Amino acid sequence: MVIICRFGFNLEGNIQNFSINIGFDHYLKQKYLGKNINPELPMPAFSLLNVRVSYKDDSLGIGNLEYYIVGNNLLNSEARLQNSQLKFLSPLPGINISAGIKITI
């Protein structure tokens, strides 16, 4: 059994047609590790910062358009989850920035 200890916050706000969401999570170094077969090595602590900015356009006659930009792991932390089977092979992705358009009918 693995217990993951983390804390964080999420801020969200709207100004007219603009919306912003900022999330921060900090994962602590593991204290309680599995010892059934092999001793488990603790993964180091890391922090993740995620941001989403969007603009909603209501001018479309049959629905709404939303333009957005999303940034994940903006601190470019080497993030390895303690409960992942691939933690020694591959960390979570680094900085990831994407943009898109969402159409709501």
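**Exercise 1.** Determine how the lining residues of the largest pocket divide into nonpolar, polar and charged.

*Solution.* The lining comprises three nonpolar, six polar and four charged residues. Here Ala, Val, Leu, Ile, Met, Phe, Trp, Tyr, Cys and Pro count as nonpolar, Asp, Glu, Lys and Arg as charged, and the others, Gly among them, as polar. The model is predicted: local features need pLDDT of at least 70 and side-chain atom pairs pLDDT 80 or more, while totals for chains, interfaces and linings use all residues. Residues are numbered from 1 along each chain as its sequence is written, and side-chain values use heavy atoms, without hydrogens and water.

**Exercise 2.** Describe the aromatic pair formed by Tyr27 and Phe46.

*Solution.* Step 2: the rings of Tyr27 and Phe46 are stacked, at 4.7 Å centre to centre and 15° between the planes; planes under 30 degrees apart count as stacked, over 60 as edge-to-face and the rest as tilted. Step 3: Tyr27 lies in strand β2 and Phe46 in strand β3, 19 residues apart, so the pair links distant parts of the chain; strands are DSSP runs (E, at least two residues), numbered from the N terminus.

**Exercise 3.** Decide whether Tyr27 is buried or exposed, and likewise Phe46.

*Solution.* Buried means under 20% relative accessible area, exposed over 50%, and partly exposed in between (1.4 Å probe, protein chains only). Tyr27 counts as buried because its relative accessibility is 11%. Phe46 is also buried, at 6% relative accessibility.

How values were computed:
Rings of Phe, Tyr and Trp (its six-membered ring) pair if their centres lie within 6.5 Å; planes under 30 degrees apart count as stacked, over 60 as edge-to-face and the rest as tilted. Helices (H or I, at least four residues) and strands (E, at least two) are DSSP runs, numbered from the N terminus.
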